[in-house]
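Here are my notes on the ligand site and the domain layout. Have a look at the model first, then read on.

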Amino acid sequence: MNKTSDIQYYSAPGRVCLYGEHQDYLKLKVVPAAINLRTIVGIKDNGLESIRVKSREMGSSDEFSISKKINLAKNEFDYLRAIIITMQKEDLVDNLTGLDVTIESSIPIGSGLSSSAALLVAWATALNDRFQLDLNIEKIALLCFKAENHILGVNCGIMDQYSSSLGGIIGLDCDGPPYEISKYTTDFSGLIIGDSCVRRSANEPLTVLKNQLYSGIENLQKVTPFNLKKITFEELKRAKASIAPNEYKRLHGTIVIRDLTEEALRNLAKKNTHNLPLLGELLTKQQDALRDLLEVSIPELDNLVIASLKAGALGAKLTGAGYGGCIIALAPGKEKEVAVAIENAGGKAIICQVDPEGGKKEK
Ligand code: GLA
């Protein structure tokens, strides 16, 4: 057995979605920002034929053999199993040896901040380094997406895994692979997370919305061939009678958020002349669509948004799939005021920064 000094640590960040909520699985564009809350995975060779995992946050442990076919155990450590299953499926790893694994995280679980993607990316980054798999950060992101979506059966898109693996603020065109990625250096200082403390599984809103959107798209295609990247609200309105009212509402919301995201991307592409008040306004307009058209907000989140805006935020919206979790407010220079307003409205405030780094080995 190796000594404690042989533990090597790897980490990956959580993320907030600035623009493009519920757009990734529709192959549209998203703009997530990695934040300075991280999940840290420690690994140490154990000389055994098994992987033994412990987590303080999750308060539990797991052990699985690597000499037999790995199956999911339907527990919170399935993320670790799912990555190995995905790597094995793609013949990326054939030299696994036993490891003792520790997990620590400052990302609240089930809160819309991508705690699961951060765990997947930190673990995949650890395996990549330990077993010299030679995977780049985009390949790691794609593997993590496949693990979460194909193996664990979560109805997610690619946004969280790419954001966590690449770090910083990225513009991601989800129509791929290959996916087109732009990096932005816009100064988004003054980000405040407001945690509603309402916990849920992201898969709930994702499943409801994805089903409604996919059936809306299918029904709309029957009456008017269209491209989701281009269809205008006027065109959708003309087909209103042909689709169910909730499908119409969801597609309307999708178009609104798509256009707001495009507007944000145009603004972000203007080097050094970003219009922060406009970028803030685009956040709040998305929140309106998330609340009224996609209907994934809840009163607790709405109240945190209202409180942040009253306290001087330039804009605010829920982040992640919705039905609970967190909001993100942009309030440069007013961080403290907005944090106090969030706490007074019953939330938990975390002043955070964009983290330029994605998945990495800790020094
Ligand atoms: C979750 C999913 C993402 C994305 C968001 C909604 O975080 O994992 O892929 O769909 O919800 O924008």
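**Notes on the ligand site**

1. Start with Glu 21: one of its polar side-chain atoms is 2.7 Å from a ligand oxygen atom. Asp 24 does likewise at 2.5 Å, again from a polar side-chain atom to an oxygen atom of the ligand. For Arg 15, an N or O atom of the side chain sits 3.0 Å from a ligand oxygen. (A polar contact here is a pair of N or O atoms within 3.5 Å.) On its own the ligand exposes 310 Å², and the protein buries 97% of that (Shrake-Rupley areas, 1.4 Å probe).

2. A caveat: this is a predicted model, with local features needing pLDDT of at least 70 and side-chain atom pairs pLDDT 80 or more, while totals for chains, interfaces and linings use all residues. Residues are numbered from 1 along each chain as its sequence is written, and side-chain values use heavy atoms, without hydrogens or water.

3. What makes up the shell around the ligand? Five nonpolar, three polar and four charged residues. Among the residues around the ligand are His 22, Tyr 25, Cys 156, Asp 160, Leu 206 and Gly 320 (a heavy atom within 4 Å counts as near).

4. Why does the ligand lie between the domains? Because domain 1 (8–186 + 356–361) and domain 2 (191–352) both contribute residues to its shell. The bounds come from an automatic or database domain assignment.

5. The C-alpha centres of domain 1 and domain 2 are 25 Å apart. Their contact involves 34 residues from domain 1 and 44 residues from domain 2 (heavy atoms within 4.5 Å).

Key: Polar contact = N/O pair within 3.5 Å; in protein donor to acceptor, adjacent residues only side chain to side chain. Nonpolar A, V, L, I, M, F, W, Y, C, P; charged D, E, K, R; others polar.
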